[in-house]
Amino acid sequence: MTPRTRDLCVFLVGFAIVISRPSGRWAPAVRAQATSNHNATRADFDRLMTELSNWGRWGKDDQVGAVNLITPAKRKAALATVKDGFSVSMARKAETEPAIDNPRPISRVMGGGGRGNNPSAPPAPPSDISGASDSLTISYHGLVHTHMDAFCHRAYKGQMYNGMPMTDVDDKGCNKGSVYAWHDGIITRAVLVDIPRLKGVEYLEPGTRIYPEDLDAWVQKAHLKIEPGDAVLIRTGRWALRDSKGPYNTNQLAGLYITCAKWLHDHNAAILGSDGAEDVHPSGIDGIPEPIHALVLAAMGMPIFDNLDLEAVSREAARRNRWDFLVTAAPAAIPGATGSQLNPIATF
């Protein structure tokens with residue numbers, strides 16, 4: 001090696017050390033991430049349905065899926081992470097007015113109490129004790145109400161998770177694959193993946209794709225480790241955008257690209273949630289509008305928390321510089337339901 005060559009090598013090594021040195025808490029060394037496939041096809045989707053399948057992993061009759069990864073030890077470990085005892089809801093405030101992204105708002109019929117705006121209602125009998133009741137009609141699937149998706153919400157070629165036939169769903173409900181399988185509740189560690197904060201923006205623009213390398217970059221930046229049985233919650237800033245600019249057409253929605261399904265499978269996540277539909281809209285896969293939904297529910301057996309409001313929990317996580325926390329949630333105990341309205345709670 002000549003002196004000039006040696007000097008050049010020393011310079012390059014020193015330069016590499018300088019550019020990789022953290023400049024502060026939020027500027028750790030960032031290793032280059034391998035670029036994933038950004039041009040997946042329908043054939044890739046069909047291949048992933050087989051490659052990522054958890055059918056039979058927990059027994060041929062299993063209806064709990066990846067939530068089996070939330071063991072008693074996992075629950076105890078998650079509970080032990082609570083330091084401040086501070087809780088915040090991750091449910092969007094229920095909406096009762098129609099909008100472009102909420103064509104089926106919650107409707108309410110009141111009963112009892114004063115007659116209010118319904119003077120034709122029969123008056124309540126005289127009594128020192130009074131009260132009120134209401135009947136709510138909630139079509140929770142869609143893109144506004146926070147809810148949990150059960151396995152019978154999606155099927156692939158006529159089969160739900162673990163090979164349960166879609167013919168087990170009839171006009172009385174889901175005889176298999178219903179949300180009732182989790183009526184004892186969800187208690188586990190949650191990890192917030194805050195992609196707008198990674199990108200240095202308030203929210204992602206509609207239609208923005210999130211790739212596996214983005215997930216890896218956030219995990220590294222936030223000094224996180226995804227552990228088996230975690231709930232992985234993806235923030236796109238959807239509600240920050242909606243609150244700023246109003247309801248918008250969800251034909252374009254920021255979310256996960258199809259290749260993120262393998263990332264979730266490789267990390268043994270138990271639950272996937274986001275502040276949107278999980279999937280990017282449009283999906284980019286011919287004939288499959290929501291491939292993440294299909295792969296997660298039907299192949300991997302992973303329930304979904306849809307339409308979370310992650311704005312408050314993002315602020316609290318940033319204030320603490322802590323991106324993992326306890327999550328507790330319980331669907332309604334309704335046998336045969338395809339899902340349930342949900343109010344997940346984050347506790348730091």
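Select Ser178, which is buried, with a relative accessible area of 8% (buried means under 20%, with a 1.4 Å probe and protein chains only). This is a predicted model, in which local features need pLDDT of at least 70, side-chain atom pairs count only at pLDDT 80 or more, and totals for chains, interfaces and linings use all residues. Residues are numbered from 1 along each chain as its sequence is written, and side-chain values use heavy atoms, leaving out hydrogens and water.

Ser178 sits in the loop between strand E6 (173-174) and strand E7 (186-194) (strands are DSSP runs of E, at least two residues, and helices are runs of H or I, at least four, numbered from the N terminus). Show Gly336 next: the side chain of Ser178 reaches its backbone nitrogen at 3.3 Å. Beyond neighbours within four places in sequence, Ser178 is also in contact with residues including Ala150, Cys152 and Pro335 (heavy atoms within 4.5 Å).

Now move to the largest pocket, with about 250 Å³ of space. On a 1 Å grid over the protein atoms alone, a pocket is an open set of points with protein on both sides within 12 Å along at least five of seven lines; a cavity is a set where a 1.4 Å probe fits but cannot get out; lining residues have an atom within 4 Å of a point. Volume is the space filled by probe spheres set on the points, which are joined across faces, edges and corners. Of the 16 lining residues, select those closest to the pocket's centre: Ser36, Pro212, Thr259, Lys262 and Trp263.

Last, the largest cavity has a volume of about 40 Å³; select Asn54, Arg57 and Met300, among its lining residues.

Note on methods: Buried < 20%, exposed > 50% of the residue type's maximum accessible area, 1.4 Å probe, protein only. Polar contact = N/O pair within 3.5 Å; in protein donor to acceptor, adjacent residues only side chain to side chain.
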